[in-house]
Amino acid sequence: MSSVATDMHNERLFQRIVRYDIGFGIEGDSASEIAVEVCWPEQVTQKQVLFCVPGGGMNRRYFDLGGATDSRFSFARQMAARGYVSVLIDPPAIGESDRPENGHALTPMVIAGILAKTQARVVVDLQAGQIDAGLRAMPAMKSVGIGHSMGAMLTVLQQFHTPAHDALVLLGFGTRGLPQFLPVEARDLLEDADALREALPGLAKKAFSQSYPVLHTDGGESGLFGSTHADPDAVKALKIANDVLLPVPAMMSMFPGNIAPECAAVEVPVYLGIGERDMVGKPEDVPASFPASRNVKLQVLPQTGHSHFLFPARDQLFDGLAEWIDDI
């Protein structure tokens, strides 16, 4: 497949969709391919490559909202305007990636392993200049893992599984969980982390009888859209990113302290982007989850809900993130 170029602030953005046969390792199932979309500007000026994992119920389009029509909400296009290459990833069963028949077999650690293999394959191709003839080799590239919400949780697990990222950017994430949505039988396990993780697939199957449930929202949730503060055009653009939910990671994300041990083990720099009206509790409490990191940056986005790109403060996020990456 040849690369596709689109206009972006009078510049050209190039995009290439690549499929990697990773092998999901699910017994009796042939699903094995992951789809990624590599996006780059005509002039790549930064050596850091941004590996983007969407949150629950979203596909890789979350990082390109509005597309070529309206680049205001597109993370990939905004970062390309600042000289960065972005790799938008469809996790297994999401978007254009293969979908195993049994969604409950996709546990968080299974997905983390798949993401790690995917990232490794993309890095090799980027370093060798094999993604596209129009994208020169990047032998000195640095990898930055970027995740939103549940995608941030999976990104941390990926880093714990295979520490290949040079920095992490976690958007709308914290280990507080959403205990108010937990089923009663799950609450009984809160004091035993090992038993809880072992029970996750069964709990997810009870809570989500379908392998791939779909979240239905009315667009008015204050945590997601912040009421009138979200741009109506951005709310409409978000529809292109809607996808199925991965039930076992979704269940894990609800538990208090969900991946606290893995967060505590992160040693690379961490950037925390959190909306003032987000779903993670007090933003100032989140940095303490990363005691081993040598650099933890918290940016609180004013008047912003959980889906940050929908709000005016997104420009502060794009600028602040680019400055932080440059500093580290």
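Leaving aside its neighbours within four places in sequence, with which residues is G151 in contact? The answer is V53, P54 and G55, where contact means heavy atoms within 4.5 Å. The structure is a predicted model, in which local features need pLDDT of at least 70 and side-chain atom pairs count only at pLDDT 80 or more, while totals for chains, interfaces and linings use all residues. Residues are numbered from 1 along each chain as its sequence is written, and side-chain values use heavy atoms, with hydrogens and water left out.

G151 belongs to helix α3; helices (H or I, at least four residues) and strands (E, at least two) are DSSP runs, numbered from the N terminus. The relative accessible area of G151 is 0%, so this residue is buried, a term for values under 20%, with exposed meaning over 50% and partly exposed lying in between (1.4 Å probe, protein chains only). From G151 to G172 there are 21 residues in sequence and 9.6 Å in space, C-alpha to C-alpha.

Strand β7 (residues 167-171) has five of its five residues buried, so the strand is largely enclosed by the rest of the structure. The burial applies to both faces, with A167, V169 and L171 on one side and L168 and L170 on the other. Strand β6 (residues 142-148) runs parallel to β7 and is joined to it by five bridges; strands pair if DSSP finds at least two bridges between them. G147 is the residue that stands opposite L170 in β7. Between β6 and β7 the chain passes through helix α3 (residues 150-161), and this β-α-β crossover is right-handed: with the strands pointing away from the viewer, the path from the first strand over the helix to the second runs clockwise. Strand β8 (residues 270-275) is also parallel to β7, with four bridges joining them, and L171 has G273 in β8 as its bridge partner.

In the loop between β6 and α3 lies S149. This residue is not a glycine, yet its phi is positive, at about 55 degrees.

A search of the whole structure finds one cavity of 30 Å³ or more. On a 1 Å grid over the protein atoms alone, a cavity is a set of points where a 1.4 Å probe fits but cannot get out, whereas a pocket is an open set with protein on both sides within 12 Å along at least five of seven lines; lining residues have an atom within 4 Å of a point. The largest cavity has a volume of about 50 Å³, volume being the space filled by probe spheres set on the points, which are joined across faces, edges and corners. Its lining includes P54, G55, M150 and L154. By class, eight lining residues are nonpolar, three polar and none charged, where Ala, Val, Leu, Ile, Met, Phe, Trp, Tyr, Cys and Pro count as nonpolar, Asp, Glu, Lys and Arg as charged, and the others, Gly among them, as polar.

The second largest pocket holds about 150 Å³ of space. Helix α5 (residues 193-207) supplies the largest share of its lining, five residues. The lining divides into eight nonpolar, two polar and two charged residues.

R60 is placed in the loop between β4 (48-53) and α1 (75-80). With 2% relative accessibility, R60 counts as buried. Leaving aside neighbours within four places in sequence, the contacts of R60 include E37, P54, D90 and E96.
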